[in-house]
Amino acid sequence: MDLAPLVAAGVPLLGWTAHSAFLARRLTTARRDPLTGLLTRDGFTARAERLIHRHPERTTVLLIDLDDFKAVNDTHGHAAGDAVLAATARRLATWCGTDGLAARLGGDEFAAVVLDTDHRVPELRGLLQHPVPHGTELLSVSASVGTSHPGTHLLTEALSAADRQMYAAKPGARTARRR
């Protein structure tokens with residue numbers, strides 16, 4: 001039995017399989033933030049829209065922004081800032097559980113879409129206020145959280161509503177103007 005035709009047919013197939021696996025890994029990596037492991041904006045958007053579409057009456061959209069994060073970087077260095085971002089991501093992901101999605105949208109801004117957790121938002125605010133260990137120091141952290149109930153609204157509208165609520169909750173919101 002001549003195996004040459006079988007081998008000749010199998011080599012391109014093996015190459016395409018390896019290439020497909022490589023591309024799938026790259027796509028997954030591109031949709032995850034390398035520092036926090038959370039979804040990026042691109043990875044978050046499609047999944048969040050599906051979750052809202054499936055359960056519009058049970059969904060809460062949250063937008064979280066760390067307060068005075070620049071001061072952490074300026075005072076303690078970027079490694080300390082990275083520790084704060086990673087701790088915030090872990091806390092948010094744990095709070096979201098398996099029925100929710102958490103993302104780092106960029107910088108010190110995070111988002112989440114969760115089911116049936118409206119009563120747990122104060123718990124999240126408390127979790128995000130815990131100091132973050134870094135070396136021999138405990139770094140003070142605070143975060144502003146805005147929520148929205150999209151119902152049948154689009155994710156972009158829900159994020160905008162949560163953004164408005166978040167900035168209203170920021171320390172000094174009455175005197176500070178949004179940049």
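This briefing covers the sheet, the helix packed on it, and the charged side chains. The model is predicted. Four strands make an open, antiparallel sheet. Six salt bridges turn up in a search of the whole structure. Lys170 takes part in a salt-bridge network with Asp65 and Asp67.

**The sheet**

- The strand order is β2-β3-β1-β6, and the pairing is antiparallel.
- The edges are β2 (101-106) and β6 (143-148), each of which pairs on one side only.
- From one strand to the next, the twist averages 20°.
- Strands β1 (residues 59-66) and β3 (residues 109-115) pair over seven bridges, in the antiparallel sense.
- Within this pairing, Ile64 stands opposite Phe110 in β3.

**The helix on the sheet**

- Helix α4 (residues 78-96) packs on the sheet and touches β1, β2 and β3.
- The direction of α4 makes about 10° with that of β3.

- Arg104 and Asp33 meet through their side chains in a salt bridge, at 3.1 Å from N to O.
- Arg104 lies in strand β2, while Asp33 lies in the loop between α1 (4-30) and α2 (41-54).
- The two residues are 71 residues apart, and the pair links distant parts of the chain.
- Arg104 is buried, because its relative accessible area is 15% and the cut-off for buried is under 20%.
- Asp33 is buried too, at 12% relative accessibility.
- Asp65 forms a salt bridge with Lys170, and their closest N and O atoms are 2.7 Å apart.
- Asp65 is in strand β1 and Lys170 is in the segment after α6 (155-169), so this pair ties together parts 105 residues apart in sequence.
- Asp65 counts as buried at 8% relative accessibility.
- Lys170 counts as buried at 16%.
- Asp65, Asp67 and Lys170 are linked in a network of salt bridges.

**A salt bridge within one helix**

- Asp74 and Lys70 meet in a side-chain salt bridge, at 2.6 Å from N to O.
- Asp74 and Lys70 are separated by about one helical turn, because they sit four residues apart in helix α3 (residues 69-76).
- Both Asp74 and Lys70 are exposed.

**Aromatic rings**

- The charged end of Lys170 sits over the ring of Tyr167, 5.8 Å from the ring's centre.
- The count of aromatic pairs comes to zero, with ring centres required to lie within 6.5 Å.

Note on methods:
Residues numbered from 1 in each chain as written. Predicted model: local features only at pLDDT ≥ 70, side-chain atom pairs only at ≥ 80, totals over all residues. Heavy atoms only, no water. Pairing = 2+ DSSP bridges. Axes fitted to C-alpha atoms, helices over the stretch in contact; angles between N-to-C directions. Contact = heavy atoms within 4.5 Å. Phe/Tyr/Trp six-rings, centres within 6.5 Å; stacked < 30°, edge-to-face > 60°. Lys NZ or Arg CZ within 6 Å of the ring centre and 35° of its normal. Salt bridge = Lys/Arg side-chain N within 4 Å of Asp/Glu carboxyl O. Buried < 20%, exposed > 50% of the residue type's maximum accessible area, 1.4 Å probe, protein only.
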